[in-house]
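This report examines the architecture of a two-chain model. Please consult the sequence and coordinates shown here alongside the text.

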Amino acid sequence: MVKCTECDAEIKVPSDSLVGEIVTCSDCGASYELIKVEEGFSIKPAQVVGEDWGQ
Amino acid sequence: MTEEKRSSSLSILFDSIRWEEKALYEAAKKRGIKINNIDCKSLFIDLNGRDPSPYTNKVIIQRCVGYFKSIHSTAALEGLGAHVINSLRTATLCGNKLFAHMELQKAGVKTPKAVSAFSQESAIAAISSLGYPAVIKPTIGSWGRLIALLRDEDASKAVIEDREHMFPLYQVYYFEELVSRPPRDIRAIVIGDRVVAAIYRYSGPGEWKTNMALGGHAETCPLTNELEDTCLKATRVMDGQVVGVDLMESEEHGLIVHEINNTTEFKNTVRVTGVDIPGLIVDFSYKLGK
């Protein structure tokens, strides 16, 4: 479990999550990328779209 | 490279783990295949040749969603001996609408009529030669961004004037005919020499573009001989290994190919058709390493 930095809601991180995976806050919709920390996962704001993204 | 022994593991190169990348990882894990997730954002590559390099004979599934990261990392890794799916040639051709158009038309694969121009003035003349309505597309771009429907010269002038203030890439003008078709297109997934699944993508409400990113919906599309033949021919032209072929059902010309995606998304195709596309991609990629 991590806290959304936008709205402070709790974001569930499933046990099979991968570093680099995108998680979304179900309360406010903010997207985060999972990063590895000693005690499990933390989050940083995710880039959700880039000018050259897609397919 | 086929004569040499490749690695029995697989790597996925990503810049963001979306549904597709996670599904590939899970499919490999389920098969007991060693899988390395490589975050492109953490990667640095020594470009100076060593033989063997750390990438020699590695099979790498290229999944970077950012075009520029994808094409440059593919160039580096392929140059160091990796087998990247898809290759630099495929990525270069598929990633640029003008390049792709030229390859398709040379090979006789039906594709929308198009004109190109390289200045504001010649762009207006180019659209007039094609006829209105026409569609302006950036040569590089996805998800329907910066694609506009031009119904007359006033609209064209306004859009082109905007483009003149953008990065020079946007002053390479590429226009396509507006194809008369049902309000849908087709996304077909090709793996190796097989079309494994296809969906119809319907435009969202009030939208003429069919990109799923713009709110459209999808339904299963039957795999007809015509669809399979067209997709496989288009894939071979690009030397594609795992691609998403986008087609329109032209009222005048039948199936025409308007795009080939070298880092194709397939979440909606799996959801709608139930075909295990990630599993098939992993099986195909793993075999390349044997």
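The sections below treat the model chain by chain and then the contact between the chains.

## Basis and chain A

The model is predicted. Chain A contains zero helices and five strands, so that its elements read β-β-β-β-β from the N terminus on. The C-alpha trace of chain A spans about 35 × 25 × 15 Å along its principal axes. Of its 55 residues, 25% count as buried. Among the contacts in chain A with a separation of 6 or more, 16% join residues 24 or more positions apart.

## The sheet of chain A

An open sheet of three strands is found in chain A, in the order β3-β4-β5 and with antiparallel pairing. From one strand to the next, the twist averages 45°.

The pairing of β3(A) with strand β4 (residues 31–37) of chain A is antiparallel and extends over three bridges. Within this pair, Ile22(A) has Glu33(A) of β4(A) as its bridge partner. In general, the strands of a sheet pair through backbone hydrogen bonds, either parallel or antiparallel.

## Domains of chain B

Chain B is divided into three parts: domain 1 (10–92 + 283–288), domain 2 (114–177) and domain 3 (180–277). The C-alpha centres of domain 2 of chain B and domain 3 of chain B are 24 Å apart.

## A helix pair in chain B

Helix α5 (residues 120–130) of chain B and helix α6 (residues 153–163) of chain B have axes that come within 10 Å and cross at roughly 145°. The crossing of α5(B) and α6(B) is right-handed. On the side of α5(B), the contact is made by Gln120(B), Ala123(B), Ile124(B) and Ile127(B); α6(B) contributes Glu153(B), Ser156(B), Lys157(B) and Ile160(B). By residue class, the contact of α5(B) with α6(B) comprises four nonpolar, two polar and two charged residues.

## The five-stranded sheet of chain B

Chain B holds an open sheet of five strands, ordered β11-β10-β9-β12-β13 and paired in the antiparallel sense. The edge strands β11 (217–220) and β13 (254–261) of chain B each pair on one side only. The twist from one strand to the next averages 30°.

Strand β9 (residues 184–191) of chain B pairs with strand β12 (residues 242–250) of chain B over six bridges, in the antiparallel sense. In this pair, Asp246(B) of β12(B) is the bridge partner of Arg187(B). Helix α7 (residues 225–237) of chain B lies across β9, β10 (194–202), β12 and β13 of chain B, and runs at about 40° to β13(B). Helix α9 (residues 277–288) of chain B packs on the sheet and touches β9, β10 and β12 of chain B; the direction of α9 makes about 35° with that of β9(B).

## Contact between the chains

The contact draws 20 residues from chain B and ten residues from chain A. On the side of chain B that touches chain A, the elements giving two or more residues are α1 (19–30), β2 (35–39) and α2 (67–79) of chain B. The residues of this side of chain B divide into eight nonpolar, eight polar and four charged.

Terms used:
Residues numbered from 1 in each chain as written. Chains lettered and ligands numbered in written order. Predicted model: local features only at pLDDT ≥ 70, side-chain atom pairs only at ≥ 80, totals over all residues. Domains from an automatic or database assignment. Axes fitted to C-alpha atoms, helices over the stretch in contact; angles between N-to-C directions. Helix = DSSP H or I, 4+ residues; strand = E, 2+ residues; numbered from the N terminus. Left-handed = near helix turned anticlockwise from the far one by under 90°. Contact = placed C-beta atoms within 7 Å. Nonpolar A, V, L, I, M, F, W, Y, C, P; charged D, E, K, R; others polar. Pairing = 2+ DSSP bridges. Buried ≥ 20, exposed ≤ 12 C-beta atoms within 10 Å, placed from the backbone.
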